Amino acid sequence: MNKKTILSASIMLAGALVASSTFAAEELRLLTWGGYAPKEVIEQFEKETGIKVKVTKSNNEEMISKLKATRGAGFDLAQPSQDRVASAQQDFNIYKPIDLSKIDSSQFISSMLDATRGQSTVDGKVYAVPHVWGSSGLIVNRSIAADVKDYTDLCDSKYAGKVTYRLKRPTLIGFAFAMGEDPFAAYSDPAKYKQIMEKVGMKLTDCKANVKAYWSGGDAMLSLMRSGETVAAMAWDAGGWKLNSDNSDITFVAPKSGALGWIDTFVLPRKTKNEAAAYQWINFVMRPEIAAKITESAGNFTASKGSDKFVDAKKKAQYQESFSASDIDNIKWYPPVPTGLEKIEGKILDRVKAS
Amino acid sequence: MSKSSMPKSVTSKTAQSVASDLNPPNIDLACENICKQFAGFTAVDNVSFTIPQGSFFSILGPSGCGKTTLLRMLAGFEHPSSGDIVIKGQSMLGVQPNKRPVNMVFQHLALFPTMNIEQNIGYGLRRLGVAKPEIVQRVAAVLARVGLAGSGNKEVGQLSGGQRQRIALARCLVLNPTLLLLDEPLGALDLKLREHMKIELKQLQKEFGTTFVYITHDQSEALVMSDQIAVMNQGKFEQVGTPHQLYYQPRTAFVAGFVGDSNRWQGVVDSSSDQYLSIKTSDGLSIKGAPQNAAILSSGEAVELFVRPEAINVSREPQAAVSDNQFKCIVDTILFDGAKSQIIAIEEQSGGKITVILPQTADFYDLKKSDDLYLQWTAGQALCFSVDNLAIESADETHSVSEG
Amino acid sequence: MSAVTVAKKIRLGLWLLLAPLFLWLVLLIILPHFELLAFSLIDPEDQGFTFEFYLEFFQEPLYWRTFLRTAVMSILATILTLVIAFPVAFYIAKMLRGRSKGIVFAMCLIPFWVSELVRTFGWMILLRESGVISNFLQWSGLASGPVELLYTDATIMLGLVYTSMLFMVVPLVSTLDSLDDSYIEAGYDLGGSNWDVMREIIIPHAVPGIVSGCIIVFMLSLGNYLTPVLLGGKDSLWFTEQIYTQFITRFNWEQGSAFGLLLLLLSSLIVWAGLKATGQSFTKTMG
């Protein structure tokens, strides 16, 4: 055998290897939150379609940072919150418009689909469809701190060293509402917004002594509440319900000034490699019975029409206990964040932390 | 120590050494029944000795004989299991190494590599709290005395092996110790330098008048330098004496074998007379020898017999006026080493090898392999030891030249 | 002629040998830093050259104070680690022999078989208000109520020292191992007390180990992210956290890059100053 044949043989072999790795295992690389792609659902999807799902768990900021770093590559489908779609697209151009014709819109609660479409439109193109929605509010141990009804009650000296919240933008927004401001209305007016934020920053600085620790991961918050080290927290509703299942004294409470409503969406990263699989996944998880499974695992409800009846009765009861009809009306839904606000918030948060 | 007290101690020291010349010597070190047991074995077994002031005392023994343990007990790094160490009339039991009037030159000298020469020598003085100007002065003085004036600023690495040796000595001697312990300090030097340092060490010891306790496994070092040598084996002192005594009147077979070279035979006593013993060796020779132990050797008793190569007379013809022993041999090998050349001869009758010194006379100028040779020695030069004394010696070393 | 080809071959061989090192340096060290440098100096708005991100560090007290705090805490952690690790290392290197030496050394290593995250959570379980130590204190009657031991600077210090221990012990053990016992004995023999021997003989000998250990521990502490954030709680201001925040939550890569390079620069400066102050040189220590 001469050198040439060896060479050509090895090139062919290498080519075959590359080809097989590309074609053999069709793959969906999903960038999402914890609980949004439970194992059971993935297995069913793989069985039905033969597509492997690779899940990377993340949060809003990390999702955007990751996509920013790769200029929209590395994942086939991502799930940022609705308010982080339009601004991130404008600033960093990391998403790809969604072809709504490939989405089975009959599976969606139409009002939510419309709302998300409206808020994620940039230059006339739609970038997101809704998936899971929920709210931030208060988790309260009612046996000890039943009178914590609004965000600012966390600063009550009665509970000094016994409360916890995040040092992130939802806290700023929540406190602003509780202090009688409307930060969402000021989104378009940076000067006004800055003024509100400074006021909130001052409040949070004063409140710092009350805080046991600023939580960052959901599990840290859950263990603080479960162990009784804290008696009230600002956190997600799902967390409250999870705690409620273990200890009926603890539950999620919609604050007087309104819970903060968010919708996590589906977006296509700009350099998605398997768009078809992404659409398949969206249509798959929006089936009512599948969506109910996700509600089970994530703790939050989805935008899937009719999934309610597949959801466990206990979950519904917890939901109804936390939200009266007027509480639901009072939910403040996050509008898209305009560019620049994060810098203002960042400075405030830094100062609170350093105080 | 104050600045003024120092010259005083120097004068008192010289006064003492003058006194020692007139009176019976002062005892610097007395060891009384020292034992040292380690888990499972006895390193030092009931050793007692005294060292007079100003003498050069060597402890000679093979490795593992316990000499290092003994020295380390003198320095205070080990504690005797029983017995007492008395230095200048003071018991050293319970006295820490840094409080003893004893300094040690380590095997690899242990000059501190992080300090220069001056700092190395000044280390001990700093510990005594001697004032800085005085340290400088005393360091310079001791450097001058060891012949290295002006090298105080050098680093340890810049000095040759011999120079380091002298610095290690100076570092101890500057403290005027009662005893200076030396742990085979010449071991690391090459042969030529070692020969040179032997003489230099002896000279420095004389100059300083300090009592030296020197341990070594090299008999030549011990013989050349020492006033007194203790031969140590298996934790015990076999013999203490002057180099001359050890060489010419060894009291045990071990000393005879260890100090100097010897031809060695094993045998049994054939008959005994007033003048000599008749020994039948294991290879069939009949040798007349002189008993060395006080014990009377009777017929049939096992003995070991030593004859030094230089004690054997060599001739090419048989000697008519025969001395006590004469054997006909054939030259096997000539080991030429100038004045120290040796002949290894094969005894005709037994086939055993005998080593003798090659006489530097015209008669032997053309000596070559297979030439005939006649060896003679008197009974007094064939030292016999009863085998009881050397039960510990290995039997397979029979009839070979022990190298000491 | 053949001599020339041989020389050429040798040169080629040398290059091939150097290639991995060269690639490693360029691809993994130099290139990323150039990228950071470019980010930190270019204004994203108009693509022009700007120093604004560096100025921001000096103008905003929050940032340079955070850095100062991080540096001071790291220095303190380094000193504490040294003070604790030295006796440990001395014990391992000089007091223990054979098997027990290996066992004690392995004990220092065991914490590093789990990830830093797990280690830090371990401390949190021990120290939190509802944790093991607090419960023990209450049980034994030493405390009347729950005791919170987390979320203080002392806790951060504890975590940093614990995390850094091994990196101090290893170089110290290896330098102390190389110190022949006869030097120590000579130190006593010539009249030195324990303290004299420690100060004049053991410590000067261990200096290279001390310096390299200190550099490693200082850099590790300065660059640590998890320990201060998790153990420090609400007051844990740490400079790496700032960098993380700039990159991840603020999407402000320019500021993050500037901070990253400043951290590199200022920490190198501190190490250099430390070496100068103690009369050491980097090459002497590492070589």
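Reader: How do you know that chain A and chain B do not touch?

Author: The model is a predicted one. In it, the nearest C-alpha atoms of chain A and chain B are 46 Å apart. Contact is called when two C-beta atoms lie within 7 Å, so chain A and chain B do not touch.

Reader: Which pair of chains shares the most contacts?

Author: Two pairs of chains are in contact, and chains B and C share the most contacts. That contact takes 17 residues from chain B and 16 residues from chain C. On the side of chain C that touches chain B, helix H8 (181–189) and helix H9 (194–223) of chain C are the elements that give two or more residues. H8(C) has the largest share, six residues. By class, this side of chain C has five charged, five polar and six nonpolar residues.

Reader: What makes up the contact between chain A and chain C?

Author: It joins 14 residues of chain C to 19 residues of chain A. On the side of chain A that touches chain C, at least two residues each come from helix H3 (60–69), strand E9 (211–214) and helix H15 (341–354) of chain A. H15(A) gives the most, with seven residues. The residues on this side of chain A comprise 10 charged, four polar and five nonpolar.

Reader: What are the members of the largest nonpolar core that touch the most other members?

Author: They are A:Leu77, A:Ile139, A:Ala232, A:Ala233 and C:Leu172, in a core of 134 residues. Membership requires a buried residue of a nonpolar type, joined to others through C-beta atoms within 7 Å. There is also a second, separate core of 104 residues, which includes B:Cys31, B:Leu109, B:Tyr214 and B:Val259. In soluble globular proteins, nonpolar side chains tend to be buried together.

Reader: Which residues does A:Ile139 touch, not counting those up to four places away in sequence?

Author: The contacts of A:Ile139 are A:Met225, A:Ala233, A:Ala235, A:Gly239, A:Gly240, A:Leu243, A:Ile250 and A:Phe252.

Reader: How many helices and strands does chain C have?

Author: Chain C has 13 helices and zero strands.

Reader: Which residues of helix H11 (residues 239–249) of chain C are called buried?

Author: Buried means that 20 or more other C-beta atoms lie within 10 Å of a residue's own. In H11(C), C:Phe239, C:Gln242, C:Ile243, C:Thr245, C:Gln246, C:Phe247 and C:Thr249 are buried. Their cover includes helix H3 (61–95) and helix H12 (253–277) of chain C, together with H3 of chain A. After H11(C) comes C:Phe251, with a positive phi near 55°.

Reader: Why are strand E2 (41–52) and strand E5 (90–91) of chain B called edge strands?

Author: Each of E2(B) and E5(B) pairs on one side only. The open sheet has four strands, in the order E2-E1-E4-E5 (chain B), with antiparallel pairing. Within this sheet, strand E1 (residues 27–38) of chain B and E2(B) share eight bridges. At least two bridges are needed for a pair, so E1(B) and E2(B) count as paired. B:Ile27 stands opposite B:Pro52 in E2(B).

Reader: Which strands of chain B are joined by bridges to strand E16 (residues 325–335) of chain B?

Author: E16(B) is joined by six bridges to strand E19 (residues 372–377) of chain B, running antiparallel. Six bridges also join E16(B) to strand E17 (residues 342–347) of chain B, again antiparallel. B:Phe327 has B:Leu375 in E19(B) as its bridge partner, and B:Val331 stands opposite B:Ala345 in E17(B). The hairpin of E16(B) and E17(B) has six residues between the strands, and there B:Gly338 takes a positive phi near 60°.

Reader: What domains is chain B divided into?

Author: The assignment gives domain 1 (5–101 + 177–248) and domain 2 (261–390). The C-alpha centres of these two domains of chain B lie 36 Å apart.

How values were computed
Residues numbered from 1 in each chain as written. Chains lettered and ligands numbered in written order. Predicted model: local features only at pLDDT ≥ 70, side-chain atom pairs only at ≥ 80, totals over all residues. Buried ≥ 20, exposed ≤ 12 C-beta atoms within 10 Å, placed from the backbone. Nonpolar A, V, L, I, M, F, W, Y, C, P; charged D, E, K, R; others polar. Domains from an automatic or database assignment.
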